[in-house]
Amino acid sequence: MTELTQNLIDGLGRGSIYALLALGVAIVFGVMHLLNFAHGEMITVGGYLTYWTALQGWSWWVAAPLVLVGAVVTSLVIERVAFSRVRGSSDFTLLLTSFGVHFVVSAMFLLYVSASVKTFDRPGWVADTYAVGPLRVEVFDTVVIATAVATLLGTSLLLNRTMFGLSLRAAAADFDTARLMGVRSDTVIRGAFALSGLLAGIAGIFWLMRAGSTVPSAGIDPMLKGVLAALIGGLGSLRGAVAGGFVLGIAEVVLRSRLPDGIAGLTEGVVFVLIALLFIFRPQGLVSVARAERV
Amino acid sequence: MFPDRRRDVALPLLGAALLWAVFVGGGLLYEMVAGGAAERLVTVMFIDAIVVLGIGIYVGNTGILSFGHIGFGSIAGYTFALFAIAPTEKLNRIPDAPFGLAEVSVGPWGAVVIAVVVTLAVAAVIGVGLARSGAESGAVAATVITLALLFVTHEVARNWPDLTGGERAGLFFTIGGALDSRIPVVVCLAGAVVVARLFATSRSGRLAIVAREDNLAARAMGVNPLVQQMIALLLSVAVVSIGASLRVYEDGSILPGNFFFSYTLLTLVMLIVGGRNGVTGAIVGVAVITAARELARRLGQDGFEVFGVGLDGPPLDWVFRENLQTVVLGVAMLGFMLWRPGGLLDDWELDRWLGRTRAGDASDPPDDPAPHSPRDRLLVVRDVEVAFGGFRALDRAGIEATTSEVVGIIGPNGAGKTTLVNVVTGVVTPDSGTVILGDLDLTGRPPHHVARAGLVRTFQNLRLFSALTVRENVEGAARAGLRDRNDDRAVPGVDDLIFAAGLWEHADRRARELDYGNSRRLELARAAAAAPDFLLLDEPTSGMNDAESLAMVQQVRRMAALVGAGVVVIDHDLNFITSICDRVYCLDQGRVIAQGTPAEVKANPLVQRAYLGGAEPS
């Protein structure tokens, strides 16, 4: 029981980051039916910015805001340079465009920085823990969960209480009708990318604090987590994406602690297999979104 | 009719042979010029071509992006290595291999066979997941599953050292055990070209392509896309498995990283740069990217000189540096997706070009085709109810129709006309009510079952297979429809239908190049080609002027008589309905408010109020 509670707490910490990533993926999917395989590039850019601040000898208090700004700017630039040209294209084109963006960005870092791992110091408190009864809780997890909850609440207010949020949700429900009702597609798409970048930036700060290093292809991991979580939740559903993030985080922690020693290294593999099974038995994901095709 | 042996078998074989000869000849010629150092480059290019052709069989024909084929390649590669490597070597490296694999040896060619079989078994399971999620959530979900497969195979390869030798050690052949002749590679390449090209012209390939162009329209013609996609997946995985085995054999070793992201990127770029929808495109892509990559690698390493001026110093040193080839691949992928998603050649094929140039426009139109008599069947739709949330689209609606009449459905916008057709054709499942054709209960059956039972529809907003020619559109429907029909009723040929639709001179043009009227006629001819008992036409005159509508009356009658089908037609053009129909139903707010001859319905005061807003019909 204690172990399970411990797993749950650790899983919530992990899942908070995934939820932020997945929400960003789902928001972009909503407005342009694009599953963004370049969603991790915001974190790659953030990683190199952090590395640069570390070289200057600056602290995380400088790095963190830089990562945020870097993520939003990266997201907007990618939208402008690549995705704005393929709006309304086939799934095939959209998917490969986003993958192309990933490869170009990582190749740039490969070419102009280095192929080798670049490290920077983690903040001192990342490894600190405190006791609650029999449980050990990481300070880091506490901060992550608190920040994630605050961010999710803020995003929820933004989506439900503002004109921008309303147009974004309307566009996600039915893009063409939303346009007919006066929603400006440029504004709503760029807004979605900015919001998605901001969420990825917040997740990225914690991701990088934990990782303490970056490589040119660093974006793949966070991208996969975000995309898989969004998919688990049911593509297109924002609540589902957040739920999917937490489910994925908890599943990983539970599996890691329960799998026999010999195959503990296969945690990720097992998670992938479970997701594939989920899709065989519940192809629409956890939260199904009615998307009747109109004929 | 078809398969047209010359067009679907002989010419593709000839084209494949020529393509193979040019590609292999070109590779060998380059090697002669460039010397022995190029030998490995050329061999690897041939093997890459096998893998890329294999990926193209699935990705090209189904239009579903797969990142997982290199994952399948990894499975095949390791299986091959485990069975091909001599036991002495295995006892050295992986003495604890499970299932007694360390002591097994079947020789390289036996190992290729085992690799293909094992990988196909995995692909069959994955294929079910792809099909189920693809049907629910679209191609995007299928793509993510393929990506997950790539990562799973990589994880397993890294973390199961007893089986795979792990991340650093890997598996090695004994010295001299690796592939020492190029003949097997070249032979397998010939096989891959032929298989890829013949599949695209086969029935299964054609139906997969049709579903790629428009999934719903294909299902409405009687195609089950999931079956065709599964066939394409298995065939493509078999070819990829052979390529991956050869690759391991040629390398003499296998490591987890060999079949992961960078090889996926490379093969996908090769496929899309040439043109993923064609075999010629795939081969051209392999050649172009191999050359570009080699050039970039050399330039990145050495820089180069023009007129004695070295270009590896400033200002160009920011371009010509190491790893340039990776940038080239990424930029090629992104650039082609942004500016030329079809690739250099799109779906151009040598054999089609040969066929077209040699045939010219010499073929004569067929004689005026004879009509076919319908068999007597009754369509009964009864008490259908459909609610979308709180909105009642259909409220105990029903119609009856026989194969010897034209039945019309009219009603104002939002009356439920299209919903009724959607229920009849299986696109929408009703909350209650029945759809019965003859003695078959079709209620709630999927669209392709309904189509095969004999109900084929057209769409209000045109849904042609836009990248295919007029002939291919009609043929696709004919191939789908002729299956599973248990009667031996004669049906009109594809030529007859195209001619009767007035599209004879456009037969070889792509559907997207047709003007609006011709598109409408093609949609009708395509539905007729499935040889249904009933044609269900959803607003065939939408967007037409009076003269065009009148011509459409003739067109519909002619097509219906030609295939021997009854007609159920929705329209709100009262003149059109009046001049074509034997009987008319009027729907309003989901209910049938009147039925009878066109004159009776037109005169019915309920109809006038609901449909014409109280005004007198003009």
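Predicted model: local features only at pLDDT ≥ 70, side-chain atom pairs only at ≥ 80, totals over all residues.

**Helices of chain B**

I began with helix α3 (residues 69-84) of chain B: at 1.5 Å a residue its 16 residues should span 22 Å, and its end C-alpha atoms are 22 Å apart, which agrees. The expected span is 1.5 Å times one less than the number of residues. Helices here are DSSP runs of H or I with at least four residues, strands are runs of E with at least two, and both are numbered from the N terminus.

Residues are numbered from 1 along each chain as its sequence is written, while chains are lettered from A and ligands numbered from 1 in the order in which they are written.

Back to α3(B): 16 of its 16 residues are buried, so the rest of the structure largely encloses it. (Buried means 20 or more other C-beta atoms within 10 Å of the residue's own, exposed means 12 or fewer, partly exposed is in between, and C-beta atoms are placed from the backbone.)

Next I checked α8 (residues 183-201) of chain B, which has 19 residues and reaches 28 Å from first C-alpha to last, close to the expected 27 Å. Its buried residues include V185(B), C188(B), L189(B) and A192(B).

**The sheet**

I then traced an open sheet of 4 strands in chain B, ordered β6-β5-β8-β9 with antiparallel pairing. Strands β6 (391-402) and β9 (440-441) are at its edges with a single partner strand each, so one side of each has no neighbour in the sheet. Strand β8 (residues 432-437) pairs with β9(B) over 2 bridges; two strands pair if DSSP finds at least two bridges between them. Across from L437(B) I found L440(B) in β9(B).

**Where chain B meets chain A**

How many residues of chain B are in contact with chain A? I get 40, against 38 residues of chain A, with contact meaning C-beta atoms, placed from the backbone, within 7 Å. The largest share of chain B's side, 12 residues, comes from α6(B).

**Domains**

Chain B is divided into domain 1 (5-257), domain 2 (260-349) and domain 3 (378-612), with bounds from an automatic or database domain assignment. The C-alpha centres of domains 1 and 3 of chain B lie 44 Å apart.

Methods
Contact = placed C-beta atoms within 7 Å.
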